[in-house]
Amino acid sequence: QFCGSSASDKTQTVHLLGDDQRLSCLEYSDIRKSQSPHVLLDVRESSHYEICSLENSINVPLKDLQDSRAAVNDLLSKAVDKPIYVVCRQGNDSQRAVNFLLKTTTNLQLKLKDIRGGLQAWSKEIDPNFPTY
């Protein structure tokens, strides 16, 4: 605490999805190890993606997804018959992206899940050498 107040600059964790729409970093790590076909969507801003990213991920910032039907269509063309796993820095924007995609693609049977805790959790739980910022 500072001056009797709690920190207000910390990112609050959002809870937008049910457990069936999320997976842990360990579960995603197992999917990668099994080489199961999938699309990994990283919804961080491009400047953050350039700092660090998981191998074979596709970067479409959340704002671009929300503002551009072309960005959504391009993503969906890469994900034909494959699950889409969504990651961000802390697991908040990935939940927003999953929510958005589920609402805008209601006529499609997409398998969408966010990776709980994002890249910060990946660094803590799976790869301690993965850079965080």
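Q: Which element gives the largest share of the lining of the second largest pocket?
A: That is α1, which supplies three residues of the lining. Helices (H or I, at least four residues) and strands (E, at least two) are DSSP runs, numbered from the N terminus. On a 1 Å grid over the protein atoms alone, a pocket is an open set of points with protein on both sides within 12 Å along at least five of seven lines, a cavity is a set where a 1.4 Å probe fits but cannot get out, and lining residues have an atom within 4 Å of a point.

Q: What should I know about the source before we go on?
A: The model is predicted, so local features need pLDDT of at least 70 and side-chain atom pairs count only at pLDDT 80 or more, while totals for chains, interfaces and linings use all residues. Residues are numbered from 1 along each chain as its sequence is written, and side-chain values use heavy atoms, with hydrogens and water left out.

Q: Back to that pocket: what is its volume, and what lines it?
A: The second largest pocket holds about 170 Å³, a volume being the space filled by probe spheres set on grid points joined across faces, edges and corners. Its lining includes Tyr28, Ile31, Arg32, Glu55 and Asn56. Both α1 and β2 supply at least two lining residues. By class, five are nonpolar, four polar and two charged; Ala, Val, Leu, Ile, Met, Phe, Trp, Tyr, Cys and Pro count as nonpolar, Asp, Glu, Lys and Arg as charged, and the others, Gly among them, as polar.

Q: Changing topic: which residues of the largest nonpolar core touch the most other members?
A: Leu41, Val43, Leu65, Leu75, Ile84, Val86 and Leu101 do, in a core of 20 residues. A nonpolar core is a set of buried Ala, Val, Leu, Ile, Met, Phe, Trp, Tyr and Cys residues joined through side-chain atoms within 4.5 Å. β2 (39-42), α3 (62-67), α4 (69-78), β4 (84-87) and α5 (93-104) each contribute at least two of its residues. Another core, of 14 residues, lies apart from it and includes Ile31, Cys52, Val87 and Phe130.

Q: What does Leu65 touch?
A: With residues up to four places away in sequence left out, Leu65 touches Leu41, Val43, Val60, Val72, Leu75, Ala97, Phe100 and Leu101. Contact means heavy atoms within 4.5 Å.

Q: Is Ser94 buried or exposed?
A: Ser94, in helix α5, is buried, with a relative accessible area of 0%. Buried means under 20%, exposed over 50% and partly exposed in between (1.4 Å probe, protein chains only). Beyond four places in sequence, Ser94 is in contact with Val43, Val86, Val87, Cys88, Asp114 and Ile115. Its side chain makes a polar contact with that of Asp114 at 2.9 Å; such a contact is a pair of N or O atoms within 3.5 Å, where within protein one must be able to donate a hydrogen and the other to accept it, and residues adjacent in sequence count only if both atoms are side-chain atoms.

Q: And Asn92, what does its side chain reach?
A: It reaches the backbone nitrogen of Val14 at 2.9 Å. Asn92 lies in the loop between β4 and α5 and is buried, at 8% relative accessible area.

Q: What is the phi of Asn56?
A: Phi of Asn56 is near 65°, a positive value in a residue other than glycine. Most residues other than glycine have a negative phi. Asn56 sits in the loop between α2 (46-51) and β3 (57-59) and is exposed, at 67% relative accessibility.
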